[in-house]
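Trainee: Hi! Could you walk me through this one while I have it open?
Mentor: Happy to, let's take a look together.
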Amino acid sequence: MTKSDPEFLARLTRESLEAEKRFIGNIASRLGRSVTGPAPVHPYRGAPDFWTAFELGIEDKIERFMENWRAAGGYPERIASMSELPEAIYRIAKEQHARSTIRQNLPELERLELASVLPELSHHAWNGGDPEDSLDICEQSDIGIVLADHAVAYTGTIVVTSSADKGRSVSLLPNVLVAVIPAERMLTRLGEAMKEIASVPAERFPAGAHFISGPSRSSDIENDLTIGVHGPGAAYALIVG
Amino acid sequence: MKVSLFITCISDALFPPIGEAMTQLLARYGVRLDFPKVQTCCGQPAFNSGYWDEARASAKTILEAFDDSDFVIAPSGSCTGMIHHYYPKLFENDAVLLEKSNRLKEKTYEFTQFLVQVLGVTDVGAYFPHKVTYHPSCHGTRLLGIKDEPMELMSHVEGMEYVPLPYAEDCCGFGGTFAVKMSEISGAMVSEKSQHVLETEAEVLVGLDMGCLLNIGGNLKFRDQPVRVMHLAELLYEGVRNREQTAGV
Amino acid sequence: MSKPQGFNVKERAKSALQDEFLIDAVKFTTERLKNGKKAATAEHGNWEEWRERGRQIRAHTVAHLDYYLSRFIENARAQGVHVHFASEGKDAARIAMDIAKHRGAKSVVKSKSMVSEEVHINEAFEKIGIESIESDLGEYIIQLANEPPSHIIIPAIHKNRRQIAELLSKEAGETLPPETKVLAGFARRKLRDKFLEADIGLTGCNFGIAETGTVVIFENEGNARMVSTVPKIQITLMGMERLIPSWDDLEVMATLLPRSATGQRMTMYMSGITGPRREEDGDGPEEMHIIIVDNGRSLQLGDPDFQELLNCIRCGACLNACPVYRHIGGHSYPGTYSGPIGAVLTPALNKNAEEWHDIANASSLCGACYEACPVKIPLHDMLVYLRNRKVERGVTAPGEKMAMKGFKMLMGNHAWFEHAVKAGQLGQKLLVRDGVIKSRIGPLGGWTAYRHIPALPGKSFREQWTKLSSEAEKSFKPMADEMKSRMEKIVQERTKGGHRA
């Protein structure tokens, strides 16, 4: 399949700009306006005040996160330091009969030196520069390792954003997800994570911001819960520190 | 202080003992009820079916009847709800009647609301030694927020064994003309409700709305079930008479 | 159960009420979801305040939809998204076809989108020979069965394990046992291939965030992530009203939606997709299109009775609360949407009242939907408004019109009312047996099919009033002073005047 013809896209854009005028104009006139005004005052922004004051201490946050992750069918663990991660990953690989890993291409994960420390498994790093290959490798890999951008205790959620080094597929295609969470990145409320994301300027805004709260699941067959439908069926959250 | 009775069309034609119970109970607290006969029906049957002109014709008799009352009491959550929530809508284009509607709204109470909120009465001194279950009608609960008042009144009835109704908050399927227009669906809903009533093994089913009780009671009779169906006003009045008789009053 | 025929809820419901498996499945599912919501909202606490905040945010956005939609479009375009506008459902299909045909696409894989069902996108693709596969497990099942969804959140609840095993076995070319794990495992493998091969990924949109042009998708399976990560082209269908102003507001929606829909604290995945992949990214679509769909939504704007309808976040809580839905299931409702939201939306999106049929009558107006709605849409009121609009446009049964004229006459004047009651007391003598009326003849047949009617007492309340009030006088006791001052205080505090003496 070829790339879209620029002329085709240009035509679509022209049609779109025309249609937009009519579309928005219709909305405005139905709302009693001839022209769309400036930004309206937005008095009810975000969560109610009492909620924004809600804050847990670090140990409570970690405990709450682990409770929630476990309740969703995930496997939470507390690891003392990054240097103990390879051992944890080895153990997970044994549990899940896994033989390969793919990680985000981040220095923190590179420092684990998995290739030399766990030679029994094969290891890859996401390479944004080679999309075809990376996707294939990801699809073949058993374990996807990511470093969470943020984590939210109240809902048991990790946040992973996309970039050249952080392919979305790493947390999606392999059947086992290993999410590494530096303890200091643990937040209390979802709103805190939203704020972080919203503060990124448009030029650097990630194409994908993914909130993951456990393993993939469905109850579509007679309300019977099944884990691991399309996304990872085994979701490990390793809180470090 | 003019305290008027809005009897509601169903209770007027079918259940006179309810009006009698209210009159008698309130007399004991020094309330002499006034009954303006200009009243007919709150207009719900027409309003709910979308016939608002017709609903207005009926509602006007209510506005007229209670124009100079200080308090209006109705033995029905849905009729009271009609006044509170829908009269302002019904008369939104008529300044005079809208004003009357807003005044009426302020002074109209469902029966248990009046006893508890206005008179401050929660114990009428009733003795009613029977097993009783209670159906909380939808409009009363959801539109008027009537949850505590009937419970408080029932909790003080001596000798009564209260058994909660399973899935009490589920609609009984009356919905006025819905019961006739969508009869199969309504029939399924009332059958389920009756089934829950029978599960409680109660002797008496009590409620605050005769539309619901006509519906559930009618289905229980259809199934040859001897459960007695009463309005809470009737139950309380009978309980008060029981007490007075044993005391030789 | 095959696809029900006709536009009438009454007729479609009749067959549903006979289908025991369906009724049990619907009851079980709605109860599970309703209890889940109850537990999740109680555990979270302050639910009423969250509901009010949700309503405020959505109502505010809709009231300024022209502004927020313009910002959304601007910001999405700035990130490289191609934005399109579909005034009607068929426009959305046409634009999607255009894009697909231009790229020579052979296959589309899609995630859950009610709008896509509304605009019949699968049929449109199939007509020009493009395969369009549902990837959400429930949607995949009903696609194979060629049936519409019976519930907004769990579309295949009307299908039992054996039926599902049969459907999937046909696809597999081998007999699969009716075991959830095996069946889900097959779907996973089969659909994984589709994700990797498909030319186009089609998604819905739970919320568009105006401040960054982001499309937010909630899910539990991971298929929406697949569909928006692997295929080279992404097309997203978005109802034009599905916006929130900012990421801050997303926290409120993320609090309300999962708890209301399934009783979850959070869905397993919530993805914010902002534009196609960046130059340097290794995955994500190379080209992204958003088709903004009107299809009758703008008709609600500026209409004080229906504008709030656009607050809806499609959580399905009203379905789980509705006693009517619980008895008749989703297939009894014509159109894409079922339950209380469907009963209002299907007519509201359609200017032509003649096509509404009896859908707005499928309700006893119990208000459970309003109570359950996380953004406080007064659906129970809207059903009455719809009924009123039908009457005003003269689209009602002549028999009913006459009956209501009779009502007006009898209830408009208390003398007529009294005559009518008297006539009833006399006339019923033909029908009353042992104090009840059981006769099925005439318009009351619908009532007496399930209930006995008590006979009218010989005298109505008002006929006995004089006697009753003088009887009560015997038990009269003077009012306690405390009670008197209590009542006087209440009267004094009235703001609207009460009794203008």
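Mentor: Let me start with chains B and C: 33 residue pairs are in polar contact between chain B and chain C, counting pairs with both residues at pLDDT 80 or more. Keep in mind that this is a predicted model.

Trainee: Got it. Which helix of chain B gives the most to the side that touches chain C?
Mentor: That is helix 11 of chain B, residues 183-200, with 9 residues. By class, the side of chain B that touches chain C has 45 nonpolar, 25 polar and 23 charged residues.

Trainee: And how many salt bridges are there between chain B and chain C?
Mentor: The count is 13. One to click on is K10(C) with E184(B), where the side chains meet in a salt bridge at 3.3 Å, N to O.

Trainee: What area is buried between chain B and chain C?
Mentor: About 7,900 Å², with carbon and sulfur atoms giving 62% of that. In residues, 93 from chain B are in contact with 90 from chain C.

Trainee: Why quote an area for an interface?
Mentor: The accessible area lost when the parts come together is often used to give the size of an interface.

Trainee: How far apart are the closest C-alpha atoms of chain A and chain B?
Mentor: They lie 21 Å apart, and no contact joins chain A and chain B.

Trainee: Back to A and C, then. How many salt bridges does the rule find across that interface?
Mentor: It finds 10 between chain A and chain C. R33(A) and D66(C) form one of them, and their closest N and O atoms are 2.8 Å apart. For polar contacts, the count between chain A and chain C is 54 residue pairs, both residues at pLDDT 80 or more.

Trainee: You mentioned strand 9 of chain A. What does it pair with in chain C?
Mentor: With strand 9 of chain C, residues 269-273, in the antiparallel sense over 5 bridges.

Trainee: Nice. Which strand of chain A pairs with strand 9 of chain A?
Mentor: Strand 6 of chain A does, antiparallel over 4 bridges, with I158(A) opposite I212(A). Strand 6 of chain A also pairs with strand 5 of chain A (residues 150-152), again antiparallel, over 3 bridges. In that pairing V152(A) stands opposite T157(A).

Trainee: What sits between strand 5 and strand 6 of chain A?
Mentor: The two strands form a hairpin with 4 residues between them, and G156(A) in the turn has a positive phi of about 65°.

Trainee: So is strand 6 of chain A buried or exposed?
Mentor: Buried: 5 of its 5 residues, 157-161, count as buried, so strand 6 of chain A is largely enclosed by the rest of the structure. In a regular strand the side chains alternate between the two faces of the sheet. Here T157(A), V159(A) and T161(A) are on one side, I158(A) and V160(A) are on the other, and both faces are covered.

Trainee: Last topic, chain C on its own. How many helices and strands are there?
Mentor: Chain C has 22 helices and 13 strands. Of its 501 residues, 63% count as buried. The C-alpha atoms of chain C fill a box of roughly 90 × 55 × 45 Å along the principal axes.

Trainee: I'm curious about E134(C). Where does it lie?
Mentor: E134(C) lies in strand 3 of chain C, residues 131-134, and is buried, with a relative accessible area of 4%.

Trainee: Which side chain does the side chain of E134(C) make a polar contact with?
Mentor: That of K110(C), at 2.8 Å.

How values were computed:
Residues are numbered from 1 along each chain as its sequence is written. Chains are lettered from A and ligands numbered from 1 in the order in which they are written. This is a predicted model: local features need pLDDT of at least 70, side-chain atom pairs count only at pLDDT 80 or more; totals for chains, interfaces and linings use all residues. Side-chain values use heavy atoms; hydrogens and water are left out. A salt bridge is a side-chain nitrogen of Lys or Arg within 4 Å of a carboxyl oxygen of Asp or Glu. A polar contact is a pair of N or O atoms within 3.5 Å; within protein, one must be able to donate a hydrogen and the other to accept it, and residues adjacent in sequence count only if both atoms are side-chain atoms. Two strands pair if DSSP finds at least two bridges between them. Buried means under 20% relative accessible area, exposed over 50%, partly exposed in between (1.4 Å probe, protein chains only). Contact means heavy atoms within 4.5 Å. Buried area is the accessible area (1.4 Å probe) that two parts lose on being put together, summed over both. Ala, Val, Leu, Ile, Met, Phe, Trp, Tyr, Cys and Pro count as nonpolar, Asp, Glu, Lys and Arg as charged, and the others, Gly among them, as polar.
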